[in-house]
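Good morning, everyone. Please bring up the sequence and the structure, and we will walk through them together.

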Amino acid sequence: MAGTLARVLARRGHRVLALDSDTLPGLALSLGAVVPDEPPLLAAAEKGEDGRWRLRKGIGPMRAVRRYAIEAPDGVLLLQSGKHTDTGLAPVMGAVNAFYRLLPRLKEPAGLRDWTIVGDLSAGPRQTAYDWAPYAEHILLVVEPTWQSMLTARRIARIAASPRPVKMSVVVNKATDEAGARRVQDFFGEAALAVIPADEALREAERSGAAPIDAAPDGPAVAAIEGLADALEPSSLPA
Amino acid sequence: MKIVVAGKGGVGKTTVAGTVSRALARNGHRVLALDADANPMLGISLGVGPEDTDALVAVRQGLETGDSEHEPTIEGFVERFGTDAPDGVRLVVASRIDQFDPG
């Protein structure tokens, strides 16, 4: 959903920075981006005298985006954390640390203020608890009509509400019928910002390795994400 | 036997783990189901119930908030922090992330 939303917004003329916080692959595929084997942000990090990772001198958020973001279709720029390798995270820990250290500074540069940032967190509450989205003004809680998904989203919402005020909205995903969407909305006691239906074309796109917006542009799921962008536009997008 | 279920998020690990646990228990095995996910949901697949699963006390949180000594034995952990699930499965939740903790 994050990748498709980023592409939709970019097509509408917004400058979009997609942030992939997940150490497992996903966002690049849904954006349709081709990423190098080695995470570009590795070059942004160095180890200090204390043995801890830090950003190299002179690397701030604007420079990091210019140098290390990957160009995705429709002009979206993708900044990635390090990804798990065959031997784990150790070979890319520099990139993971550089990414994490850049996150709180994304609001600093004037050059990024009119950008739209679409962040994709890893599944579950961990990254929310660890403050991996300090830039967020609006958190979309993506929920499937299952107990596991609803309880997880409620947990994330409770955690996200504690450090700073942030707007939160429920987005129902993989809804197979109206009852499922209603169940989620009843659980949270609010209307969903969007209901994205289960779409076989998206599963097929995933199997083929294509971005949903390229593989199934006329499908119901992409249409619903277009509707989500409509709903977001008055509140989150630059004038 | 000792089994671990692994895989990417959303693929059905918890459903497999819970259902295999119940099936083994029905076949006469004594089953300890250990939920090591920081977002523990195994209780739902075992049949403990959604809200009861959400309210289970995890070992880590139980030790952090409790005023007694740390449990010295594994059997003690299972007894003290375990929950009975259907078919005689004993469920233990290792830890749960449920608050903001950027440190």
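**Two chains, one predicted model**

In chain A, residues 24 or more positions apart account for 67% of the contacts with a separation of 6 or more. Two residues are in contact if their C-beta atoms, placed from the backbone, lie within 7 Å.

Some ground rules. This is a predicted model, in which local features need pLDDT of at least 70, side-chain atom pairs count only at pLDDT 80 or more, and totals for chains, interfaces and linings use all residues. Residues are numbered from 1 along each chain as its sequence is written, while chains are lettered from A and ligands numbered from 1 in the order in which they are written.

Let's take chain A. How many helices and strands does the secondary structure of chain A come to? Ten helices and nine strands. Helices (H or I, at least four residues) and strands (E, at least two) are DSSP runs, numbered from the N terminus. The radius of gyration of chain A is 18 Å, close to the 18 Å from the globule rule for 239 residues, so chain A is as compact as a globular protein of that length. That radius is taken over C-alpha atoms, and the rule is 2.2 Å times the number of residues to the power 0.38. Along its principal axes, the C-alpha trace of chain A spans about 60 × 40 × 40 Å.

Now burial. Buried residues make up 44% of the 239 residues in chain A. A residue is buried if 20 or more other C-beta atoms lie within 10 Å of its own, exposed if 12 or fewer, and partly exposed in between; again, C-beta atoms are placed from the backbone.

Look at helix 4 of chain A, residues 93-102. Seven of its ten residues are buried, so this helix is largely enclosed by the rest of the structure. Among the buried ones are A:Val96, A:Phe99 and A:Leu102. What do the buried residues of helix 4 of chain A pack against? They pack against strand 2 (45-47), strand 3 (53-55) and helix 3 (61-68) of chain A.

Next, the core. In soluble globular proteins, nonpolar side chains tend to be buried together. Here, the largest nonpolar core has 90 residues, and those with the most contacts inside it are A:Ala18 and A:Val171. Such a core is a set of buried Ala, Val, Leu, Ile, Met, Phe, Trp, Tyr and Cys residues joined through C-beta atoms within 7 Å. Leaving aside neighbours within four places in sequence, the contacts of A:Ala18 include A:Ala2, A:Leu31 and A:Val118.

A:Met1 sits in the segment before helix 1 (2-11) of chain A. Is A:Met1 buried or exposed? A:Met1 counts as buried, with 21 C-beta neighbours inside 10 Å. A:Met1 and A:Val142 are 141 residues apart in sequence, and 8.7 Å apart in space, C-alpha to C-alpha.

One backbone detail. Most residues other than glycine have a negative phi. A:Asp74 is not a glycine, and has a positive phi of about 65 degrees. A:Asp74 lies in the loop between strand 4 (70-71) and strand 5 (77-80) of chain A.

On to chain B. Its secondary structure comes to five helices and three strands. From the N terminus on, the elements of chain B run α-β-α-α-α-α-β-β. Buried residues make up 28% of the 103 residues in chain B.

The three strands of chain B form an open sheet in the order 1-3-2, with mixed pairing. Two strands pair if DSSP finds at least two bridges between them. Strand 1 (32-35) and strand 2 of chain B stand at the edges, each with a single partner strand, so one side of each is left without a neighbour in the sheet. Strand 1 and strand 3 of chain B run parallel, joined by four bridges. B:Asp35 stands opposite B:Val93 in strand 3 of chain B.

Chain B has a positive phi too: B:Asp87, not a glycine, is at about 65 degrees. B:Asp87 is in the loop between strand 2 (83-84) and strand 3 (90-93) of chain B.

Finally, the two chains together. 16 residues of chain A are in contact with 16 residues of chain B. Which element of chain A gives the most to the side that touches chain B? Helix 6 of chain A, with six residues.
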